[in-house]
Amino acid sequence: MIQIPKSEYARRRKALMAQMEPDSIAILPAAAVAIRNRDVEHIYRQDSDFQYLSGFPEPEAVVVLIPGREYGEYVLFCRERNPERELWDGLRAGQEGAIRDFGADDAFPINDIDEILPGLIEGRDRVYSAMGSNPEFDRHLMDWINVIRSKAHLGAQPPKEFVALDHLLHDMRLYKSAAEIKVMRSAADISARAHVRAMQACTSSAWKPSWIMSFARAVRRCLPTARSWPRGATVASCITSRTMPFSRMAIWC
């Protein structure tokens, strides 16, 4: 499967930080898991902006960019390794994997974010975030800011300004690199071949599962790697539980 190289994600983060004002911090959460029914989840799809900056495929994660930070400008909060849960939810990178495989300078457990992130925000004049796109995370962000404000009498310095991250990121995403174009062409090719196979298998007497499997075989190689899927997950289950139309499936892989 053609992928965006780790160096490309690093270049994107550097380009974003170069546009940020001095003494600022950027904070961006991963997409939340969507429940289909009861304890069954939809197949996970990462937030596009989060994916663009990190390439990190897991939920319950937060990207933090701090230009000029002595101990590393790219901090990633993510889930810890958990062998029992990984049997059900798929493998996790953990903090070591976040640094080794996804280029983070520093990584912390997501459960420790309330203790660590306010300290990273303190003393920064501006906070760049996608305000309004994730109301629940916005509330958490304001809680962290209020923790800093509550310590102002002790000399803590809360940020003075919030800046929308969207317009910077979305302008960057308009301009495609050679690696991105290569991935897009591959996805378009896979999608076209999958539709041809599906049409060939689609007859008046065709059974729906056989049509789905015809499509699934063609898009199998563009699905996320086995690391992202629960053990024992089948291509059919991955395909049929997607929340998007079949016509858009391959291009979104």
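The model, which is predicted, contains an open sheet of six strands in the order β6-β5-β4-β1-β7-β8, with mixed pairing. Strands (E, at least two residues) and helices (H or I, at least four) are DSSP runs numbered from the N terminus, and two strands pair if DSSP finds at least two bridges between them. At the edges stand β6 (106-109) and β8 (161-164), each with a single partner strand, so one side of each has no neighbour in the sheet. From one strand to the next the twist averages 20 degrees.

Within the sheet, β1 (residues 24-29) pairs with β4 (residues 62-65) in the antiparallel sense over four bridges. Pro 29 stands opposite Val 62 in β4. Helix α5 (residues 113-121) packs on the sheet and touches β1, β4, β5 (74-78), β6 and β7 (126-129), where contact means heavy atoms within 4.5 Å. The direction of α5 makes about 160 degrees with that of β5.

Two other helices meet as well. The axes of α1 (residues 6-19) and α7 (residues 166-174) come within 11 Å and cross at roughly 135 degrees; axes are lines fitted to C-alpha atoms, for helices over the stretch in contact, and angles run from 0 to 180 degrees between N-to-C directions. The two helices are therefore oblique to each other, a class left over after angles under 35 degrees (roughly parallel), over 145 (roughly antiparallel) and 65 to 115 (roughly perpendicular). Arg 12, Ala 15, Leu 16 and Gln 19 of α1 make the contact with Leu 168, Leu 169 and Met 172 of α7.

Residues are numbered from 1 along each chain as its sequence is written, and side-chain values use heavy atoms, leaving out hydrogens and water. Local features need pLDDT of at least 70, side-chain atom pairs count only at pLDDT 80 or more, and totals for chains, interfaces and linings use all residues.
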